[in-house]
Amino acid sequence: MSITTRWLPVVFLLYGHLVLAQTDEPVRRTEDVVYSRKFGMALTMDVFQPSKPNGCGLLFLVNGGWLSSKSTPLMVTIRPDDYRVFLSRGYTVFAVVTSSQPRFTISEEIEDVLRAVRFVRHNAAQYGVRPHRLGVMGSSSGGHLTLSIATRGGPGIADAADPVDRDSSSVQAAACFFPPTDFSNYGSPGVNGAGIGPLASLQVAFGPLALTAEGRDKLGRELSPINYVTGKLPPTLIIHGDQDEAVPLQQSQSFVAKARAAGAPQVELIIRPGKGHGWGDFWRSAEDINAFADWFDRHLKKH
């Protein structure tokens, strides 16, 4: 494990313009914290701690196309610049690298992120965060994993041999971009998207069950966050473009409708007209990232 301290400029995104401001506040980065192991492989996260923490932690899921890496350019990687707005507001950010397709499936990645939440909660005091003030965020497949945590997070296993697994995997707030939510009804009712259609190029991520209609039906039931929605859903914000051809807007609309019907008290969808699957460097988009940060301020900081 290595620890580096860097003087990072804080990025303020105002009225759609990028304004850089230097700060004399250091950010401490702890690299390669091992939160789990599988098949001899270490699963790691990098921890970013602001000098003036607000006591809340955010798990940033480093994942796109159900690929994840710390530094490989061909995968979704850890990019500290994406966390500046959150760090400037005092959030401790945990950049979580998961296992990846083609070696590992979506089901296994869901297990990874639930374990990551348990790990952060178990070690909350070490990182200066309150164990019940945790949020999670991601985009695309990272958004799917974000909602998998929001809907499936729950109590730990009381008799687990590993004390980390005895802690809860629930979060207190979630925010994500354009997430797949319902593989059984992908774009239209009854249309299965578990590795076919717009997601055919990602079939390997679903595993061998995606090779048959029967298997895809099973995957649609088991992997879709919408099937786990209850009235206990934590406050959840989704941002989605209405021209998204990879993940239809219908995915977010259906999820929000299901959550509201279930009585979830705080769920919101922001639709970006004319936007497709991502827009520019969306993790640095003023209106979007400030919307995320404001959401976490409202549901984490003020409690």
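This is a predicted model: local features need pLDDT of at least 70, side-chain atom pairs count only at pLDDT 80 or more; totals for chains, interfaces and linings use all residues.

Trainee: What makes I226 buried or exposed?

Mentor: The term buried requires a relative accessible area under 20%. The value for I226 is 7%, and therefore I226 is buried.

Trainee: Which residues does I226 touch, leaving aside those up to four places away in sequence?

Mentor: They are T181, D182, S254, F255 and K258. A contact here means heavy atoms within 4.5 Å.

Trainee: Which residues of helix α5 (residues 213-223) are buried?

Mentor: In α5, the buried residues are G215, R216, L219, G220 and L223.

Trainee: How do you know on which side of α5 they lie?

Mentor: They cover an arc of only 140° around the axis, and so they are on the same side of α5. The face turned away from that buried side carries E214 and R221, which are exposed. Among the elements that cover the buried residues of α5 are α2, α3 (141-152) and α4 (203-206).

Trainee: Why is helix α7 (residues 286-301) called largely enclosed?

Mentor: Of its 16 residues, twelve are buried, so α7 is largely enclosed by the rest of the structure. The buried residues include W295, F296 and L300, and also D288, N290, D297 and H299.

Trainee: What share of the residues in the whole protein is buried?

Mentor: Buried residues make up 56% of the 303 residues. The protein exposes about 12700 Å², and carbon and sulfur atoms supply 54% of that area.

Trainee: Which residues touch the most other members of the largest nonpolar core?

Mentor: That core has 51 residues, and M45, L59, F94, I149, F183 and F206 touch the most other members. Helix α2 (residues 106-122) gives the most to this core, with eight residues. Apart from it lies another core, of 33 residues, with L58, L87, A175 and L300 among them.

Trainee: What does M45 touch, not counting residues up to four places away in sequence?

Mentor: The contacts of M45 include V33, Y35, F94, V96, F119 and V120, together with E31 and D32.

Trainee: What is the relative accessible area of C56, and what is that of C176?

Mentor: C56 has a value of 0% and is therefore buried. C176 also has 0%, so C176 is buried.

Trainee: How many helices and strands does the protein have?

Mentor: Its secondary structure comes to seven helices and eleven strands.

Trainee: Why is the protein called as compact as a globular protein of its length?

Mentor: Its radius of gyration is 18 Å, close to the 19 Å that the globule rule gives for 303 residues, so the description holds. Along the principal axes, the C-alpha trace spans about 55 × 50 × 40 Å. Of the contacts between residues at least 6 apart in sequence, 72% join residues at least 24 apart.

Technical notes. Residues are numbered from 1 along each chain as its sequence is written. Side-chain values use heavy atoms; hydrogens and water are left out. A nonpolar core is a set of buried Ala, Val, Leu, Ile, Met, Phe, Trp, Tyr and Cys residues joined through side-chain atoms within 4.5 Å. Buried means under 20% relative accessible area, exposed over 50%, partly exposed in between (1.4 Å probe, protein chains only). Helices (H or I, at least four residues) and strands (E, at least two) are DSSP runs, numbered from the N terminus. The radius of gyration is taken over C-alpha atoms; the globule rule is 2.2 Å times the number of residues to the power 0.38. Accessible areas come from the Shrake-Rupley method with a 1.4 Å probe; for residues, only the protein chains shown count as cover. The arc is that of the directions from the helix axis to the C-beta atoms.
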